[in-house]
Protein chains: 2
Amino acid sequence: MAKVTPRSEDYARWYTDVVQMADLADYAPVRGCMVIKPYGYSLWENIRNSLDWRFKATGHVNAYFPLFIPMSFLEKEAEHVEGFAPELAVVTVGGGKKLEEPLVVRPTSETVIGHMYAKWIQSYRDLPLLINQWANVVRWEMRTRLFLRTMEFLWQEGHTAHATAAEALEETLRILDIYAEVAIEEAAIPVIKGRKSESEKFAGAVTSYTIEAMMGDRRALQAGTSHFLGQNFAQAFDITFLDQNNESQYVWTTSWGMSTRMVGAVIMAHGDDQGLRLPPRLAPIQVVVVPIWRDEGQRATALEAAAQVQAALEPEVRLKVDDRDGLSPGWKFNDWEMRGVPLRVEIGPRDVAQGQVVLARRDKPGREGKSSVPMSGLANAVREMLMTIQADMYRQALAFREAHTRYVDDFEGLREAVADGFAYAWWCGSPACEAKVKEETSATIRCVPLEQEQGAGTCVVCGERAEERAVFSRAY
Amino acid sequence: MAKVTPRSEDYARWYTDVVQMADLADYAPVRGCMVIKPYGYSLWENIRNSLDWRFKATGHVNAYFPLFIPMSFLEKEAEHVEGFAPELAVVTVGGGKKLEEPLVVRPTSETVIGHMYAKWIQSYRDLPLLINQWANVVRWEMRTRLFLRTMEFLWQEGHTAHATAAEALEETLRILDIYAEVAIEEAAIPVIKGRKSESEKFAGAVTSYTIEAMMGDRRALQAGTSHFLGQNFAQAFDITFLDQNNESQYVWTTSWGMSTRMVGAVIMAHGDDQGLRLPPRLAPIQVVVVPIWRDEGQRATALEAAAQVQAALEPEVRLKVDDRDGLSPGWKFNDWEMRGVPLRVEIGPRDVAQGQVVLARRDKPGREGKSSVPMSGLANAVREMLMTIQADMYRQALAFREAHTRYVDDFEGLREAVADGFAYAWWCGSPACEAKVKEETSATIRCVPLEQEQGAGTCVVCGERAEERAVFSRAY
């Protein structure tokens, strides 16, 4: 059985190997596009569901806006068009004819949604308007990588309108909390919630917030963003409402998104040299049952025991029985390890005789992750084990991040820290200091964390007074 | 409160009024595109879920293929490109540069999926391959109508590959059964399962199957199609496998789709002059609770009773309490009738005093649809009532179809029948006879029903021997 390139040898190749050998995605015929294979799509469906119910529980509703946006719409918000113009795919021919106005394939939908909101919103009674959309978007990227950066990707994009700045800001941070909760609780990935610097914010936003995670190569990945758009889009698209005093006001808007990039985050936060490792809450298959036999008699007994395990665990547990003929147990073990299934149930002839099965954890290789469990208490044992694996995977990712995070107080310290992982460093807030760090270390400000210690310090670049620490890191 | 145009006055305007006044969809800024509003999208989500679990229960998995297809791919299957070329939207500019090969925005995905299947399928062990995708597609339509025919629409498209023709045909018909089941059981719409004529089949198919429904204006609507593609796409894209004798064979493929058009079918199969009528199984809101009060004291009591109803029915029932101030009960009744909510619970001061509520059915206007139910047995009563409404709506739609369906044996009979609805008429199978009917009556062959009476007859057009009756009708 083919093996993935070890991470220490070539992390980028390791990543591509895992994506392909674990059957998550494949390259599409059009450069920069991907095909999400069934196993990868199922992982995305689980991420999607974990977001969708949280959005609905906080009062949001889903809708669908069009793929094509008139080019003129993008030009209405100056920063927005400047940011997105170089990345656009443009339809110029439709139904065999050249179009009078070219249509942009949406890179994001603030403009077309702004246009509709201007029509739908009349009075304060129409606010807040809390809409989310599940959609594909296209950005013409030159350097692409499966899931992490592809020309077309799937995401959700939320777009809300509010009567006051305070409400819009509260919404922006509520969503940031949902993103952090999904990353932590579902994906078992620790994240830092923070504010983007001016140079890294969304084109058209007043303030962008982000969750940042550390990948296995100690680089940062932006896993979700939530933007406070102020009245920028309201003014560009004339989205106004009559307030309670019957006066016309611009609304305040937000937008926020999480994408199939999150699949890449799961791969890189947890994967190892055996392949993928999936957190139980997101795993398409949580438990694989491998019956083991040497002859036909044992085969029947083992399959019967496997069916009992299946009956005991389904439908609460997402389970697969691997009853394939002609493949050795060892080959099957490797195969499911590659695909990151969190828990394996082995049923050999001796286990059947003793009325037990062997549980083997994906997150703890070898003897340490193995235990025997009597068939009678299996359902409870598996349920608890899956919760333990989920918690342990989070703890392990957190310990890894902490081991590669330093608080630094001067430029040399920063340089050393970003060569190894994350650096928390005082920053005066100036774009010049930010640029200098990038130039000299290729690290960028991932965010200014919302959680800050008391007091102030001196900027690690210029030595001026600094109110906040920023997190610097090399990033995807 | 604004009213919809009566159906008898102008059915097309009635339809557009309902779509807009029931808040289902709106026109997008790009001609021919639509915005699916939250209420309409929620209806689509319910249709989507009702299909998705059935696909999964029959062994299908979801995946995602790219939006952009190289123009050259479409040209590989001659009939396919001929059928779709006039409807294509073409991207010619990406990232600010003119593209060497134009990219087609997918009108359907047989070609790009065929390309991937050629790569993925090696041996008989890889078959059958049963994949579905939820996606948007674009067809450059000149005459568009919300949900029924839009430039961009949402759908699912299934694409399967099999070792034998028999298995592929079995799959094609299995899916047709699922479509019919969703139409009948979920949407309460009777459908005729049948085969498309050569002139109406999918471009590239060997045989297309369809479910056809009768709308409120007695015209037919194709609500879902399932295609047996033979080896057409396998040959065009070189999708081969090694069979058990180690010989290379072309696979046999199918494709099938149901789209947001189904929302239009629900509107037109059930709607009346008060607006939308939704079958309970698909309704975003199944029960609306309207507390009624004249003064503050009554208000508190009514709201308390409404909360009790809510507690008794949720989460099994999708429910909304309409506690809006400043709107009369009558206005609210009309509003929810417009939106097609199947069941209304009215709670007035006298009801509270008597420990009961009034149930009012959307499908039976006036006194006939009203009944008083004691609070104590409410949950059971509502559950049963929703099932009754679902069944009655189906019965009503079926009775309507039967009242406007005739078996005819000559051309004059056909002409009269299609002016009123569906005509079952003997057809010899010749395209010339089919064309003549279309020319003289503007009715087309909707399908040749799978269920046929024994024996043969004579073609209503040419008088030659005919083996089958076809259903003729004017259609959307």
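Colleague: Where is the place of B:Pro128?
Modeller: This is a predicted model. The peptide bond from B:Leu127 to B:Pro128 is cis, with omega near -5°. B:Pro128 itself sits in chain B, in the loop between helix H5 (110–120) and strand E7 (129–138).

Colleague: What is omega for the peptide bond that joins B:Glu314 and B:Pro315?
Modeller: B:Pro315 belongs to the loop between H9 and E16 of chain B. The bond joining B:Glu314 to B:Pro315 is cis. Its omega is about 0°.

Colleague: What is the phi of B:Asp23?
Modeller: B:Asp23 is found in the loop between helix H1 (11–21) and strand E1 (25–27) of chain B. The residue is not a glycine, yet its phi is positive. The value is about 65°.

Colleague: How is H9(B) oriented to H12(B), roughly parallel or roughly perpendicular?
Modeller: Helix H9 (residues 296–313) and helix H12 (residues 378–403) of chain B have axes that come within 9 Å. Those axes cross at roughly 65°. Angles of 65 to 115 degrees fall in one class, so H9(B) and H12(B) count as roughly perpendicular.

Colleague: How many nonpolar residues are in the contact of H9(B) with H12(B)?
Modeller: The crossing of H9(B) over H12(B) is right-handed. H9(B) brings B:Val309, B:Ala312 and B:Leu313, which meet B:Leu378, B:Ala379 and B:Val382 of H12(B). No polar and no charged residues take part, and the nonpolar count is six.

Colleague: Which are the edge strands of the open sheet in chain B?
Modeller: The sheet has five strands in the order E16-E15-E17-E18-E19 (chain B), with mixed pairing. An edge strand here pairs on one side only. That picks out strand E16 (319–321) and strand E19 (370–374) of chain B.

Colleague: In E17(B), which residue is the bridge partner of B:Val288?
Modeller: Strands E15 (residues 287–291) and E17 (residues 343–347) of chain B run parallel, joined by five bridges. Across from B:Val288, the bridge partner in E17(B) is B:Arg344.

Colleague: What angle does the direction of H12(B) make with that of E17(B)?
Modeller: Helix H10 (residues 329–338) of chain B packs on this sheet, touching E15 and E17 of chain B, at about 170° to E15(B). H12(B) packs on the sheet as well, touching E15, E17, strand E18 (356–361) and E19 of chain B. The direction of H12(B) makes an angle with that of E17(B) of about 145°.

Colleague: Which strand gives the most to the side of chain A that touches chain B?
Modeller: The contact draws 42 residues from chain A and 42 residues from chain B. One strand of chain A leads with six residues. On that side of chain A, 30 residues are nonpolar, seven polar and five charged. The leading element is strand E5 (residues 89–94) of chain A.

Colleague: In E5(B), which residue is the bridge partner of A:Val93?
Modeller: E5(A) pairs with strand E5 (residues 89–94) of chain B over five bridges, in the antiparallel sense. Within that pairing, A:Val93 has as its partner B:Val90.

Colleague: How are H2(A) and H6(A) placed to each other?
Modeller: Helix H2 (residues 38–57) and helix H6 (residues 165–186) of chain A have axes 10 Å apart. They pack at about 140°. H2(A) and H6(A) are therefore oblique.

Colleague: How many charged residues are in the contact of H2(A) with H6(A)?
Modeller: H2(A) passes H6(A) in a right-handed crossing. A:Ser50, A:Leu51 and A:Arg54 of H2(A) meet A:Ile178, A:Val182 and A:Glu186 of H6(A). Three of the contact residues are nonpolar and one is polar; the charged count is two.

Colleague: Which residue in E16(A) does A:Val287 stand opposite?
Modeller: Strand E15 (residues 287–291) of chain A runs parallel to E16(A), with three bridges between them. Opposite A:Val287 stands A:Leu319.

Colleague: What distance separates the centres of domain 2 and domain 3 of chain A?
Modeller: The domain assignment of chain A gives domain 1 (11–270), domain 2 (287–400) and domain 3 (405–473). Taken over C-alpha atoms, the centres of domain 2 and domain 3 of chain A are separated by 46 Å.

Note on methods: Residues are numbered from 1 along each chain as its sequence is written. Chains are lettered from A and ligands numbered from 1 in the order in which they are written. This is a predicted model: local features need pLDDT of at least 70, side-chain atom pairs count only at pLDDT 80 or more; totals for chains, interfaces and linings use all residues. Axes are lines fitted to C-alpha atoms, for helices over the stretch in contact, and angles run from 0 to 180 degrees between N-to-C directions. Helices (H or I, at least four residues) and strands (E, at least two) are DSSP runs, numbered from the N terminus. Angles under 35 degrees count as roughly parallel, over 145 as roughly antiparallel, 65 to 115 as roughly perpendicular and the rest as oblique. A crossing is left-handed if the near helix is turned anticlockwise from the far one by less than a right angle, and right-handed if clockwise. Two residues are in contact if their C-beta atoms, placed from the backbone, lie within 7 Å. Ala, Val, Leu, Ile, Met, Phe, Trp, Tyr, Cys and Pro count as nonpolar, Asp, Glu, Lys and Arg as charged, and the others, Gly among them, as polar. Two strands pair if DSSP finds at least two bridges between them. Domain bounds come from an automatic or database domain assignment.
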